[in-house]
Amino acid sequence: MKTALPRVPRGLEVLRGLWCALFLGFLAMWPLSYSFYTSFGIDTDRQEELSAIQAHLRFRWPGNGSFMVGADQFWLAAWKPLDRFDLGGAFFKAPRRPPLRSSWNQMGFWAIRERYPPSKLPLQVSEMESSSWIGVPSWLPVVLTGFWPVRWWMDPRKGKVLWLSPVRELMRRRAS
């Protein structure tokens, strides 16, 4: 005789699905983060005095085994067309490894804050082009996001791993 499983609220199912997708994305990028540069995020442009500012907010795997979150800010000439909001990315390109500065960098932990030389564009403000990044080893997001999906895929009542439990649950619902 089968016992009925308790019904999971719909919002929790959506959250669980998004969390599993996030985990699988980090899991797929982990081995690739040692060989390729991959970056995706949001690009924004805004008019500022005689020029424009372009900002990149990104998730980045630079090719050195790290995962980074951060932003770059650059000045553009005023005559260039502005793109207020744009999804940007570069996928599986040649590595762009930042230079090692400490033993923490060798372990995969990064805190980068750079200011670039002043722009040659006509500006009346002192805001400089800059870059800010925080990075961790690429295995760390896999571990942190993997607790819930792995726990969900485990069946504590039978002590077996049910790797296909999401598929079985979907098939069970369609059958009823």
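Are phenylalanine 26 and phenylalanine 67 buried or exposed? Both phenylalanine 26 and phenylalanine 67 are buried, where buried denotes under 20% relative accessible area, exposed over 50%, and partly exposed the range in between (1.4 Å probe, protein chains only). The structure is a predicted model, in which local features need pLDDT of at least 70 and side-chain atom pairs count only at pLDDT 80 or more, while totals for chains, interfaces and linings use all residues. Residues are numbered from 1 along each chain as its sequence is written, and side-chain values use heavy atoms, with hydrogens and water left out.

The protein chain contains four helices and eight strands; helices (H or I, at least four residues) and strands (E, at least two) are DSSP runs, numbered from the N terminus. In sequence order, the elements of the protein chain follow the pattern α-β-β-β-β-α-β-β-α-β-β-α. Of the 176 residues in the protein chain, 31% are buried. Among contacts (heavy atoms within 4.5 Å) in the protein chain with a separation of 6 or more, 65% involve residues 24 or more positions apart.

The UniProt record, an unreviewed entry, assigns the annotation "transmembrane region" to residues 12-32. UniProt positions are given in the numbering used here, feature names are shortened, and annotations may be inferred rather than shown by experiment. In the model, the chain over residues 12-32 is 100% helix and 0% strand, and the end C-alpha atoms of this stretch are 31 Å apart.

The pairing of strands was examined next. Two strands are taken to pair if DSSP finds at least two bridges between them. Strand β1 (residues 37-48) and strand β2 (residues 51-61) are antiparallel and joined by eleven bridges; within this pairing, glutamate 48 has serine 51 of β2 as its bridge partner. Strand β1 also runs antiparallel to strand β4 (residues 86-93), to which six bridges join it. Here the bridge partner of serine 39 is alanine 90 in β4. Glycine 89 is likewise placed in strand β4. With a relative accessibility of 43%, glycine 89 counts as partly exposed. Although glycine 89 and serine 39 are 50 residues apart in sequence, their C-alpha atoms are 5.1 Å apart in space. When residues up to four places away in sequence are not counted, glycine 89 touches Ser39, Phe40 and Arg58.

Aromatic side chains were then considered. A pair of aromatic rings is described by the distance of the centres and the angle of the planes. Rings of Phe, Tyr and Trp (its six-membered ring) pair if their centres lie within 6.5 Å; planes under 30 degrees apart count as stacked, over 60 as edge-to-face and the rest as tilted. By this rule there are nine aromatic pairs. In one of them, the ring centres of phenylalanine 26 and phenylalanine 67 are 5.1 Å apart and the planes stand at 85°, so the pair is edge-to-face. Because phenylalanine 26 lies in helix α1 (residues 10-32) and phenylalanine 67 in strand β3 (residues 66-77), the pair ties together parts that are 41 residues apart in sequence. One aromatic cluster is formed by Phe26, Phe40, Phe59, Trp61 and Phe67. Elsewhere, arginine 96 lies over the face of tyrosine 37, at 4.1 Å from the ring centre; a charge sits over a ring if NZ of Lys or CZ of Arg is within 6 Å of the ring centre and within 35 degrees of the ring normal.

Side chains of opposite charge can pair when their charged atoms come close. A salt bridge is defined as a side-chain nitrogen of Lys or Arg within 4 Å of a carboxyl oxygen of Asp or Glu, and three are found in the whole structure. One joins aspartate 43 and arginine 58, at 2.7 Å from N to O. Aspartate 43 belongs to strand β1 and arginine 58 to strand β2, so this pair ties together parts that are 15 residues apart in sequence. Aspartate 43 is buried, at a relative accessible area of 10%, and arginine 58 is buried at 12%.

Another salt bridge is formed by aspartate 72 and arginine 60, whose closest N and O atoms are 3.4 Å apart. This pair links distant parts of the chain, with aspartate 72 in strand β3 and arginine 60 in strand β2, twelve residues apart. Aspartate 72 counts as buried at 9% relative accessibility, as does arginine 60 at 15%.
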